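Hi there,

Here is the structure I promised to pass on. Have a look at it first, and my notes follow below.

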Amino acid sequence: MKYEIKITKTTEPKAKPADESKLGFGKIFTDHMFIMDYNTEKGWHDARIVPFGPLPIHPASTVLHYGAEIFEGMKAYRTVNGDISLFRPMENIRRLNNSAERLCLPQLDEEGCLDILKTMVELEKDWVPHSEGTSLYIRPYMYGNDEHLGVHAVHAATFVVICSPVGAYYAEGINPVKIAIESADVRAVRGGTGYAKCGGNYAASLRAGEKAERAGYTQVLWLDGVNRKYIEEVGSMNVMFKVNGKIITPALTGSVLPGITRKSCVELLKDWGYEVEERLFSVDELFEAAKNGTLEEAWGTGTAAVVSPIGHLFYENNEYTVSDNKIGALTQKLYDELTGIQWGKIADTHNWSVKVCEG
Ligand code: COI
């Protein structure tokens, strides 16, 4: 089912970024945004693309008080064949609906949502940057928007899509990042919202993130909230380790985000003949592998982070260097394969790319 989208184009288009090497992440926004409203009487209605600008919001809106917000992160790529394409967009749409279910927000029609994303990207196609390593980051998000203060499942919601031309997420680019394993704060627990992509998970991660940054680390690696010993995720990415030739990645226990880049890497690694263990992996086992020399590589996976090597791991006064603080051969191979598929340089044998339009 397609939503009928009314398009009002801006009369004041902005200048595109002149220097794509300085894009960074999420600082520049395109000319338009998509908005659609929901209420229990009318369902989703009033789908519109309008000039990019502030959202009017009622001071009692649910999201401002009870944090009913979910989002996705996806990218549009300018391929070497001259097309603009998306990477596994249905995976993001299904995850958005799973997040909506957890937070009692309304469901979106999957095909209708894909059509919204394609319409937005086609309209903003001149904003998809050209340089290697860049893309148009797409941020669909939904929030509860009832205009009163009772605590209950929402009766009104708003769905928005904004787009931002981006380069690398980390200032380090493809160079290894330093990660601190957090032993005090907890990001999520099983039965909570860890598997959903909701703003609250990120809000809960900020304090530890700030502490890690002050100590010179890029981000925090979370442990499970019950035993405080099993590795979960970094928050902006899932994690994988190569130990003695095998790949180990935390199982999706309910408190870990089911990453689409994670899933794609697992599929690629299995294609290449690697044994991939999705299981509980304790910080003790990780440091034992680091000490006895069997920890060969560590990396993170995510839409924003792509495949990011981890060069240092810090935990309770112990610091370990992974693969001499250099990108490992397998990490590099995964990065090259994934971005090769996304940029149309490598045959897309899994049919992961979805063409939006000519570039
Ligand atoms: C993404 O990888 O798209 C994310 O959502 C991670 C982060 C920027 C919140």
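Where does the ligand sit? The ligand sits in the largest pocket. A pocket here is an open set of points on a 1 Å grid over the protein atoms alone, where a 1.4 Å probe fits, with protein on both sides within 12 Å along at least five of seven lines; a molecule sits in it if more than half of its atoms lie within 2 Å of its grid points.

Before the details: this is a predicted model, with local features needing pLDDT of at least 70 and side-chain atom pairs counting only at pLDDT 80 or more, while totals for chains, interfaces and linings use all residues. Residues are numbered from 1 along each chain as its sequence is written, and side-chain values use heavy atoms, with hydrogens and water left out.

Around the ligand are Phe25, Phe71, Gly73, Tyr137, Arg139, Tyr169, Lys197, Tyr202, Ser236, Thr303 and Ala304. Polar side-chain atoms of two of these lie by ligand oxygen atoms: Tyr137 at 2.6 Å and Lys197 at 2.8 Å. Thr303 instead brings a backbone N or O atom to 3.3 Å from a ligand oxygen. Taken alone the ligand exposes 280 Å², and the protein buries 91% of that (Shrake-Rupley method, 1.4 Å probe).

Elsewhere, the structure holds 13 aromatic pairs (ring centres within 6.5 Å). One of them, Trp44 with Phe159, is edge-to-face (planes over 60 degrees apart), at 6.4 Å centre to centre and 65 degrees. Trp44 belongs to strand β3 and Phe159 to strand β8, so the pair ties together parts 115 residues apart in sequence (strands are DSSP runs of E, at least two residues).

Best wishes

Methods
A residue is near a molecule or strand if one of its heavy atoms lies within 4 Å of it. A polar contact is a pair of N or O atoms within 3.5 Å; within protein, one must be able to donate a hydrogen and the other to accept it, and residues adjacent in sequence count only if both atoms are side-chain atoms. On a 1 Å grid over the protein atoms alone, a cavity is a set of points where a 1.4 Å probe fits but cannot get out, and a pocket is an open set with protein on both sides within 12 Å along at least five of seven lines; lining residues have an atom within 4 Å of a point. Rings of Phe, Tyr and Trp (its six-membered ring) pair if their centres lie within 6.5 Å; planes under 30 degrees apart count as stacked, over 60 as edge-to-face and the rest as tilted. Helices (H or I, at least four residues) and strands (E, at least two) are DSSP runs, numbered from the N terminus.
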